[in-house]
Amino acid sequence: MWEEITEPAQTVPQAIQTTRSVVWTEELLAQADLLCAAARECSRRGWVPATSGNFSFRDAETGRIFISASGFDKGLITPNDLLEIDVACRVLAAPADPGKGKPSAETKLHGVIYRDRPQTGAIFHVHTIWNTLLSDRYAAQGAVPLENYELLKALSGVTTHEHREQVPILENSQEYNGLSKELAAALANYPGAHGVLLRRHGLYTWGESIAGARRHLEALEFLFEVEWRRLGSAS
Ligand SMILES: CSC[C@@H](O)[C@@H](O)C(=O)COP(=O)(O)O
Ligand SMILES: [Zn+2]
C-alpha cells in the first residue's frame, strides 16, 4: 500500500517533462501582455534588479495560472517567458525555449496566495530599496504599520485615510516548503493584508486583477518610501 503523502513535493517542479506549449487565446494573450508590461515597468523603476522579481496572473474564467520563468531579466519579459501552472504548482505548459523551462523559484509562494486568497487575479514580487530596508527595520514587530496616509485608499476595501495597514514580515529563507507554511500563517493572521514582506528580500503583493495588483504595488512602495523617510527625519 502506498504511504499517504501529506507534504507537497520538496522542490519546485523543474518543468518540464511536458511537451505542451502554452496555448494563448486572444483574451489570455491580452492579459499576458498586460502582466509583462507591468513587469517591464517595474524594471524601469529599478524594482527588480539583477534578475530578481516574479510575476503571475490567474485567468478568472478558467482558473489557469501563468507565471514568469526563473532567473532572467524581468525587464525583458514577454508572454513567451511565461509558464502555465496549476494551483499545486505543477507545470502544465512551458515556453519552447529550454532556457525558460523552469518556473520561478518562488512559485510555491504564488500557489499559497492563490489558494488562500481565492479572489486573487495577479501577484507581483519586487525587490526595492524601501521594502528591503523597512522589512528589516520592523522585523521585531512582525509587521510594517502604515497608518493615516491618504494613499492607503488605493488598497482594495480601504475607504479612508484613517486606516492602519499592517504588512506582515516573514524571515527570509531558501527553503520554500517552510516559507510557504509561514506565508499561509501570515495570510491567516492578517486577513486584511494587501502584501507580505520577506525580511531583507522583498515584497509580495496581489490584487483581483493585474491592474489591481499594480495599483497595490505602487501604493505600498510609495508608502514604504514615505515611512522610511519619516523614520529618518524623526530620529
Ligand atoms: C537574483 S536574486 C532573487 C531571487 O533569488 C528571487 O528572490 C527572485 O526574486 C527571482 O527568482 P525567480 O526564480 O527568477 O523568480
Ligand atoms: Zn525575490
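This report walks through one predicted protein chain and the ligand modelled with it.

## Basis and confidence

Residues are numbered from 1 along each chain as its sequence is written, while chains are lettered from A and ligands numbered from 1 in the order in which they are written. This is a predicted model, in which local features need pLDDT of at least 70, side-chain atom pairs count only at pLDDT 80 or more, and totals for chains, interfaces and linings use all residues.

The term pLDDT is the predictor's confidence in each residue, from 0 to 100. The chain has a mean pLDDT of 92. Of its residues, 91% reach 70 or more. For the complex, the predictor gives an ipTM of 0.98 and a pTM of 0.92.

One stretch needs care. Over residues 5-12, pLDDT stays under 50. Where pLDDT is low, the predicted coordinates should not be read in detail. For residues 5-12 the model has 9 contacts beyond four places in sequence. A contact here is a pair of residues whose C-beta atoms, placed from the backbone, lie within 7 Å.

## Overall build

How many helices and strands are in the chain? There are 5 helices and 9 strands. Both are DSSP runs numbered from the N terminus: helices are H or I with at least four residues, and strands are E with at least two. Along the sequence, their order is α-β-β-β-β-α-β-α-β-β-α-β-β-α. The radius of gyration is 18 Å, close to the 18 Å that the globule rule gives for 235 residues, so the chain is as compact as a globular protein of that length. That radius is taken over C-alpha atoms, and the rule is 2.2 Å times the number of residues to the power 0.38. Along the principal axes, the C-alpha atoms fill a box of roughly 55 × 45 × 30 Å.

Buried residues make up 41% of the 235 residues. A residue is buried if 20 or more other C-beta atoms lie within 10 Å of its own, exposed if 12 or fewer, and partly exposed in between, with C-beta atoms placed from the backbone. Among contacts between residues at least 6 apart in sequence, 66% join residues at least 24 apart.

UniProt lists residues 33-228, in an unreviewed entry, for "domain: Class II aldolase/adducin N-terminal". UniProt positions use the numbering given here, feature names are shortened, and annotations may be inferred rather than shown by experiment. The span is 33% helix and 22% strand, and its end C-alpha atoms lie 33 Å apart.

## Around the ligand

Which residues surround ligand 1? They are Ala50, Thr51, Ser52, Gly53, Asn54, Ser68, Ser70, Gly71, Ser104, Ala105, Glu106 and His125. Each has its C-beta atom, placed from the backbone, within 6 Å of the ligand. By class, the shell has 2 nonpolar, 9 polar and 1 charged residues. Ala, Val, Leu, Ile, Met, Phe, Trp, Tyr, Cys and Pro count as nonpolar, Asp, Glu, Lys and Arg as charged, and the others, Gly among them, as polar.

His125 sits in strand S5 (residues 122-126). Beyond four places in sequence, His125 touches Gly53, Asn54, Glu106, Gly202, Leu203 and Tyr204. His127 lies in the loop between S5 and helix H3 (129-137). Among the contacts of His127 are Trp47, Ser52, Gly53 and Gly202.

Most residues other than glycine have a negative phi. Cys89 also has a positive phi, about 70°. Cys89 is found in the loop between S3 and S4.

## Burial compared

| Residue | Other C-beta atoms within 10 Å | Class |
|---|---|---|
| His125 | 29 | buried |
| Cys89 | 24 | buried |
| His127 | 19 | partly exposed |
| Glu147 | 13 | partly exposed |
| Asp86 | 13 | partly exposed |
| Ala50 | 7 | exposed |

Asp86 is in the loop between strand S3 (82-85) and strand S4 (91-93). Leaving out residues up to four places away, Asp86 touches Ile65 and Leu92. Glu147 belongs to strand S6 (residues 143-147). Beyond four places in sequence, Glu147 is in contact with His163, Arg164 and Glu165.

Key
Contact = placed C-beta atoms within 7 Å.
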